[in-house]
Amino acid sequence: MEDVPRLEYDWCQMVGKYVEIRREGIPVRTGLVDVVTADDGILWIAANGAECRALYERAHGYSVWV
């Protein structure tokens, strides 16, 4: 059985986990969560190969899926 991605509201619990970042329901990036701010509003996806480390803000409409 295939796992269905689910929306994750608690970003602080995602440090060290592989996630999918979406904006308006559209996938924009997948990767390993490097750091999350204490207020749970910003996270960084670690650099991987040619993809640089990237910051995503909840206030800008990004969501995390696992």
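## Salt bridges and their setting

Mentor: Start with Arg22, which is buried at a relative accessible area of 16%. Keep in mind that this is a predicted model. The partner of Arg22 is Glu20, and their closest N and O atoms are 2.5 Å apart. That is well inside a salt bridge by the cut-off used, because the limit is 4 Å. Glu20 also counts as buried, at 19% relative accessibility. The cut-off matters here: Glu20 is called buried because buried means under 20%.

The whole structure holds five salt bridges.

Take Asp34 and Arg53. Their side chains meet in a salt bridge, with 2.8 Å from N to O. Asp34 belongs to strand E3 (residues 26–36), while Arg53 is in the loop between strand E4 (42–45) and strand E5 (54–57), so this pair ties together parts 19 residues apart in sequence. Asp34 is partly exposed, at 35% relative accessible area. Arg53 is partly exposed too, at 44%.

Now Asp40 and Arg58. The closest N and O atoms of this salt bridge are 3.0 Å apart. Here both partners are in loops: Asp40 between E3 and E4, Arg58 between E5 and strand E6 (62–65), so the pair ties together parts 18 residues apart in sequence. Asp40 is buried, with a relative accessible area of 17%. Arg58 is partly exposed, at 32%.

The protein has zero helices and six strands. Its elements run β-β-β-β-β-β from the N terminus. The radius of gyration is 11 Å, close to the 11 Å from the globule rule for 66 residues, so the protein is as compact as a globular protein of that length. The C-alpha atoms fill a box of roughly 35 × 30 × 20 Å along the principal axes.

The six strands form an open sheet in the order E1-E6-E2-E3-E4-E5, with antiparallel pairing. Strand E1 (7–8) and E5 are the edges, each pairing on one side only. E4 and E5 pair in the antiparallel sense over four bridges. Within the sheet, Ile42 stands opposite Glu57 in E5.

Then the nonpolar side. The largest nonpolar core has twelve residues, among them Trp11, Met14, Val33, Ile45 and Tyr56. Strand E2 (18–23), E3, E4, E5 and E6 each give two or more residues to this core.

Leaving aside residues up to four places away in sequence, Ile45 touches Val19, Ile21, Val33, Ala54 and Tyr56, among others. Its contacts also include Asp34 and Arg53. Those two are the partners in the 2.8 Å salt bridge.

Some totals to finish. Buried residues make up 33% of the 66 residues. Arg22 is one of the buried residues, and so is Asp40. Among contacts between residues at least 6 apart in sequence, 43% join residues at least 24 apart. The accessible surface comes to about 4,500 Å², and 54% of it belongs to carbon and sulfur atoms.

Note on methods. Residues are numbered from 1 along each chain as its sequence is written. This is a predicted model: local features need pLDDT of at least 70, side-chain atom pairs count only at pLDDT 80 or more; totals for chains, interfaces and linings use all residues. Side-chain values use heavy atoms; hydrogens and water are left out. Buried means under 20% relative accessible area, exposed over 50%, partly exposed in between (1.4 Å probe, protein chains only). A nonpolar core is a set of buried Ala, Val, Leu, Ile, Met, Phe, Trp, Tyr and Cys residues joined through side-chain atoms within 4.5 Å. Contact means heavy atoms within 4.5 Å. Two strands pair if DSSP finds at least two bridges between them. The radius of gyration is taken over C-alpha atoms; the globule rule is 2.2 Å times the number of residues to the power 0.38. Accessible areas come from the Shrake-Rupley method with a 1.4 Å probe; for residues, only the protein chains shown count as cover.
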